[in-house]
Amino acid sequence: ADGEVTDIDFSNADGEGISIEGSDGSTFNLGGSGDTDDVPAWLPMPDSATEAGTLMSTVSNGQASGILQAKVAGDHKATADAYAERLESEGFTVERSDMNFGGQRAVILNAKSDGRSLNASLTPDGENTAFHVTYEGPVE
């Protein structure tokens, strides 16, 4: 709004991203942070996920959203199967799409439950799986 001041914290700008906090307490984080503190507890990570980090996150009016990435050991299809099963066991309805774009393979999982939603992309990364997820739902 007009006349409002927003503080921008560049103290982590050395490759760890930036943080913006609004006068209403809302936050916006951007950058390749290895920190996953702003990720809501309801968002499960795949088993054996490593190198997890938040690319972007925002918290406002009790809602959290963001983009998270990680590396997961093993085949992307097996990882997608296990992750979809875990999501379903935690009450999500899951839709799956197996894609092949000129040899570039991916599994896309869309999941929803009680005001929570996520879109996960799992792609081969050598002998591992590259895991990217966008999420939106309550802060909890």
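This is a predicted model: local features need pLDDT of at least 70, side-chain atom pairs count only at pLDDT 80 or more; totals for chains, interfaces and linings use all residues.

Which residue in β9 does Pro 124 stand opposite? The residue opposite Pro 124 is Thr 129 in β9. The points below treat the overall layout, the strand pairings, the helix and the aromatic rings in turn.

**Overall layout**

- Read from the N terminus, the elements follow the order β-β-β-β-β-α-β-β-β-β.
- The chain has 140 residues, of which 33% count as buried.
- Among contacts in the chain with a separation of 6 or more, 45% are between residues 24 or more positions apart.

- Seven bridges pair β7 with β8 in the antiparallel sense.
- Two residues separate β7 from β8 in a hairpin, and in its turn Asp 114 has a positive phi of about 45°.
- β8 and β9 also run antiparallel, joined by nine bridges.
- A hairpin is formed by β8 and β9 as well, with two residues between them; here Gly 126 in the turn has a positive phi of about 65°.
- In a regular strand, side chains alternate between the two faces of the sheet.

**Helix α1**

- The helix α1 contains 14 residues and spans 20 Å from its first C-alpha to its last, which is close to the 20 Å expected at 1.5 Å a residue.
- The buried residues in α1 are His 76, Thr 79, Ala 80, Tyr 83, Ala 84 and Leu 87.
- Viewed down the axis of α1, these buried residues fall within an arc of 130°, and therefore they line one face of the helix.
- An α-helix has 3.6 residues a turn, so residues three or four places apart point the same way.
- The packing partners of the buried residues of α1 are β5 (63-73), β6, β7 (104-113), β8 (116-125) and β9.
- On the face of α1 turned away from the buried side are the exposed residues Glu 85 and Ser 89.
- At the N-terminal end, α1 is capped by Asp 75, which has a side-chain oxygen 2.9 Å from the backbone nitrogen of Lys 77.
- After α1 comes Gly 91, with a positive phi near 95°.

**Aromatic rings**

- The structure contains three aromatic pairs.
- In one of them, the ring centres of Trp 42 and Phe 92 are 6.3 Å apart and the planes are at 40°, so this pair is tilted.
- Trp 42 belongs to the loop between β3 (27-33) and β4 (49-60), while Phe 92 belongs to the loop between α1 (76-89) and β6 (93-101); the pair therefore ties together parts 50 residues apart in sequence.
- Trp 42 and Phe 92 are both buried.
- Trp 42 also forms an edge-to-face pair with Tyr 135, at 6.4 Å centre to centre and 80° between the planes.
- Because Trp 42 lies in the loop between β3 and β4 and Tyr 135 in strand β9 (residues 128-138), this pair ties together parts that are 93 residues apart in sequence.
- Tyr 135 is buried, as is Trp 42.
- Through ring pairs, Trp 42, Phe 92 and Tyr 135 are linked into a cluster.

Note on methods:
Residues are numbered from 1 along each chain as its sequence is written. Side-chain values use heavy atoms; hydrogens and water are left out. Rings of Phe, Tyr and Trp (its six-membered ring) pair if their centres lie within 6.5 Å; planes under 30 degrees apart count as stacked, over 60 as edge-to-face and the rest as tilted. Helices (H or I, at least four residues) and strands (E, at least two) are DSSP runs, numbered from the N terminus. Buried means under 20% relative accessible area, exposed over 50%, partly exposed in between (1.4 Å probe, protein chains only). The expected span of a helix is 1.5 Å times one less than its number of residues. The arc is that of the directions from the helix axis to the C-beta atoms. Contact means heavy atoms within 4.5 Å. A polar contact is a pair of N or O atoms within 3.5 Å; within protein, one must be able to donate a hydrogen and the other to accept it, and residues adjacent in sequence count only if both atoms are side-chain atoms. Two strands pair if DSSP finds at least two bridges between them.
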